[in-house]
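Keep the viewer open as you read.

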Number of protein chains: 2
Amino acid sequence: MQFFNNPDKKDWVKILERPTANMEDIEGKVIPVLNAVKQRGDEALREFALKFDNILLNDFEVPVEEINKSGEKLSDELKAAIQQAYKNISKFHATQVSSIVKVETMAGVSCWRKSVGIEKVGIYIPGGTAPLFSTVLMLGIPAQIAGCKEIILCSPSNHPAIYYAASLVGISRIFRIGGAQAIAAMAYGTESIPRVSKIFGPGNQFVTAAKQLVSKEGVAIDMPAGPSEVAVYADSSSNPAFIASDLLSQAEHGADSQVLLVSTDQSIIDRTKEELEIQLIELPRKEFASKSLENSKAIFVDNSATAIEILNEYAAEHLILASDDAEEIAESIINAGSIFIGHLTPESCGDYASGTNHTLPTNGYAKAYSGVSVDSFVRKITFQKITEKGLKNIGKTVIAMAEAESLQAHANAVKIRLEKK
Amino acid sequence: MQFFNNPDKKDWVKILERPTANMEDIEGKVIPVLNAVKQRGDEALREFALKFDNILLNDFEVPVEEINKSGEKLSDELKAAIQQAYKNISKFHATQVSSIVKVETMAGVSCWRKSVGIEKVGIYIPGGTAPLFSTVLMLGIPAQIAGCKEIILCSPSNHPAIYYAASLVGISRIFRIGGAQAIAAMAYGTESIPRVSKIFGPGNQFVTAAKQLVSKEGVAIDMPAGPSEVAVYADSSSNPAFIASDLLSQAEHGADSQVLLVSTDQSIIDRTKEELEIQLIELPRKEFASKSLENSKAIFVDNSATAIEILNEYAAEHLILASDDAEEIAESIINAGSIFIGHLTPESCGDYASGTNHTLPTNGYAKAYSGVSVDSFVRKITFQKITEKGLKNIGKTVIAMAEAESLQAHANAVKIRLEKK
């Protein structure tokens, strides 16, 4: 961990900088994969499965019976946990459904907006060291609430918890493919895999590059991705052991995970450092965590106002406000993905089960992007309906503006209706 | 116009295909411009202004007095029209502000979402044949309602109506620069131009390519862009003169504008064709319009169900339902940007003043994207607060899931709090 004491404001940007990956090299490797799937469909998918994942696949689709029976392979405890998380996440996301509000902007001119679920969406769940069934819930639940008609899932993992979570959220089809080729399959469609309109989900740099590349061809993606990160705000009321546990729960994700501690109390920083060492040694993923901590930063500042300014500049994916006055501090935060208030709200609760979504903007994107929500799975289509009286009321305005923009046909569309009616 | 009679479903995709621009050539020209602005800031902007726009600029910023006095240069009629549009658009967009709803997902576990305006946003308004002051309203009003703190505008145009609209929506600074270099300036910041977190607005292919390129570097953009388009649904109740006026008001935008007519009545198609010829000859922009009509399509189908299916496949930016049963038809539309209901609701009313936003997804993007709204200018930050009781309730679930995902430190963050509290 690197330590800073009241750094100059001009140095903040440098201190808060995230390490950047060179995406150009990766794009160079991903483009041929995308093109192969676009041109040769399933055949290319089979080749890549053999080449990259060393599996010989005839059928990509997971049989329905395997999905239906997945619950039998889980402990009762885990099944109950997934069900409880499903309940909490559903309850919170259900409040994100917007109702139709009709507005008469002028007499006879009515406008409204209707949320309509994206018809076909695709979810990607990586394989790798951890079976991310929680992400199946986090992406599947809002899709289900949004009313998406076809929700498909691609994953190289065949972990029963992934299938079980998928069955809860109404995922209609699961395909056992991974990597950039899975993204290509969902973006372009193949003989076996249906094309979708929007692709969600985490992945390695190849998957991230593939999502970014296909998004230039008209397929939408959830958001740009980067390594996961947490920032913790601490003061003299904070508990160093709790803070250390939060920093480690982020750091264990991977060597590139980002951890930032901003404290108005130097002794809390010192004691957190000690706690980190104690807690680290017992972790199964301590190699990842200690690598990640090397790149991480602890900043001491004189006062909470400066701390807030730094945190807003950083724009953390997860922000833990570990102080007695957390709710007050939260009022001044304008850039963050998700905020965890007080000493007893660790990030891991939001990662799994508090109810909020864990797919959040990393890499400072929280300055412009929101996390995934029901909004991410709908289009808000606008409507307008104008009566004869309405057209009389609004006509003059439209004609004057259209003519001032030199768009005569726009004006004519109103004039011809006013004349002939 | 090309005519189709009950085309085979397998041919729909081909018939509904939009002409695609080769973006790679354009990217090759835009990348050096972006890099120059990134590296040399204002100096590069001055060079490009001289090279591309043939103007020698010392100061890019438009003096406040020029903005404040812009209203004096407009006719009273136009000023009144802009004010009326401002009023209608504000009224509709004000309903898009979401309030905070706190949910207790389990006893002691509270979650909520708060909309926070993006701090710094940039709006681009192109120069060219039409001064798009209406777009200043369409982008500025939701930014103003969202509570964005700094709204800047870049435009090569110095049309007073643009400045007047800007003054209404609270745009703080206007810079007289255009093209890809203006997008670069807002994305990276220069000595004169502040860096923003999200860039909005239309433009030519260079601007579009620039927006797409900077979006890979962490700056958000409103949405991918393509030529404007309208689809009209007609049946025996439709008025061919009205339909022709709508098709022309889209076609006059540019030679690449897209126009589609789907009708369950062949005679309406024939009479619309006649009306197009009559109305076209009087248009100042008839060259654009007739070019655009050449690539446009009219499809006759037997029944409204097929028409709806085709329209959902096309996913039009603007969809006019020019029939007596328009509201009923609208219920079945799942893919569209904005829908215009009935015989007396021309697209041009939505373009200027009905209240809905005219920045909408083109090119079939309506399958996955919404038009611009207040949502586009906020981040919805999530919050959670857990009490001691709440942590006891949720702890078991989080620990079971974290351990099943092999993330021990995630589990520890809960355990340590349960033990020490």
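A residue counts as buried if 20 or more other C-beta atoms lie within 10 Å of its own, as exposed if 12 or fewer do, and as partly exposed in between. One thing to keep in mind throughout is that this is a predicted model.

You'll find Asn6(B) in the loop between strand 1 (2-5) and helix 1 (12-15) of chain B.

Over in chain A, Ala315(A) also is a residue other than glycine with a positive phi, near 55°. Here, though, the count is 27 other C-beta atoms within 10 Å, so Ala315(A) is buried. Ala315(A) sits in the loop between helix 12 (304-314) and strand 12 (316-322) of chain A.

**Chain A as a whole**

Zooming out, chain A has 421 residues, and buried ones make up 60% of them. Its secondary structure comes to 16 helices and 14 strands. Taken along the principal axes, the C-alpha atoms fill a box of roughly 85 × 60 × 45 Å. Of the contacts in chain A with a separation of 6 or more, 73% are between residues 24 or more positions apart.

Nine residues from domain 1 of chain A and nine residues from domain 2 of chain A take part in the contact. On the domain 1 side of chain A, helix 4 (76-94) and helix 5 (133-146) each supply at least two residues. Helix 4 of chain A has the largest share of that side, with six residues. By class, the domain 1 side that touches domain 2 of chain A divides into five nonpolar, three polar and one charged.

**Sheets in chain B**

For the strands, let's switch to chain B. One open sheet there has five strands in the order 6-5-4-7-8, with parallel pairing. Which strands stand at the edges? Strand 6 (173-175) and strand 8 (220-221) of chain B do, each with a single partner strand, so one side of each is left without a neighbour in the sheet. Helix 5 (residues 133-146) of chain B lies across strand 4 (120-124), strand 5 and strand 7 (198-200) of chain B, and runs at about 170° to strand 4 of chain B.

Another strand to pick out is strand 12 (residues 316-322) of chain B: seven of its seven residues are buried, so it is largely enclosed by the rest of the structure. Strand 12 of chain B pairs with strand 9 (residues 229-234) and with strand 13 of chain B. Here are some parallel pairings within chain B:

| Strand pair (chain B) | Bridges |
|---|---|
| Strand 5 and strand 6 | three bridges |
| Strand 9 and strand 12 | five bridges |
| Strand 12 and strand 13 | five bridges |

Val230(B) has His318(B) in strand 12 of chain B as its bridge partner, and Leu319(B) has Ile339(B) in strand 13 of chain B.

**Where the chains meet**

Strand 13 also takes us across to the other chain. Strand 14 (residues 378-386) of chain A is joined to strand 13 (residues 336-341) of chain B by four bridges, and the two run parallel. Within that pairing, the bridge partner of Lys385(A) is Ile341(B).

The contact between the chains takes 107 residues from chain B and 108 residues from chain A. The chain B side has 53 nonpolar, 34 polar and 20 charged residues.

How are the two copies related? A rotation of 180° with 0.0 Å of shift along its axis superposes chain B on chain A, with an RMSD of 0.0 Å. That is the relation of a two-fold axis. The same surface serves both copies, with 100% of the contact residues of chain B recurring in chain A.

Conventions:
Residues are numbered from 1 along each chain as its sequence is written. Chains are lettered from A and ligands numbered from 1 in the order in which they are written. This is a predicted model: local features need pLDDT of at least 70, side-chain atom pairs count only at pLDDT 80 or more; totals for chains, interfaces and linings use all residues. Two residues are in contact if their C-beta atoms, placed from the backbone, lie within 7 Å. Ala, Val, Leu, Ile, Met, Phe, Trp, Tyr, Cys and Pro count as nonpolar, Asp, Glu, Lys and Arg as charged, and the others, Gly among them, as polar. Copies are superposed by least squares on the C-alpha atoms of residues with pLDDT of at least 70 in both. Two strands pair if DSSP finds at least two bridges between them. Axes are lines fitted to C-alpha atoms, for helices over the stretch in contact, and angles run from 0 to 180 degrees between N-to-C directions.
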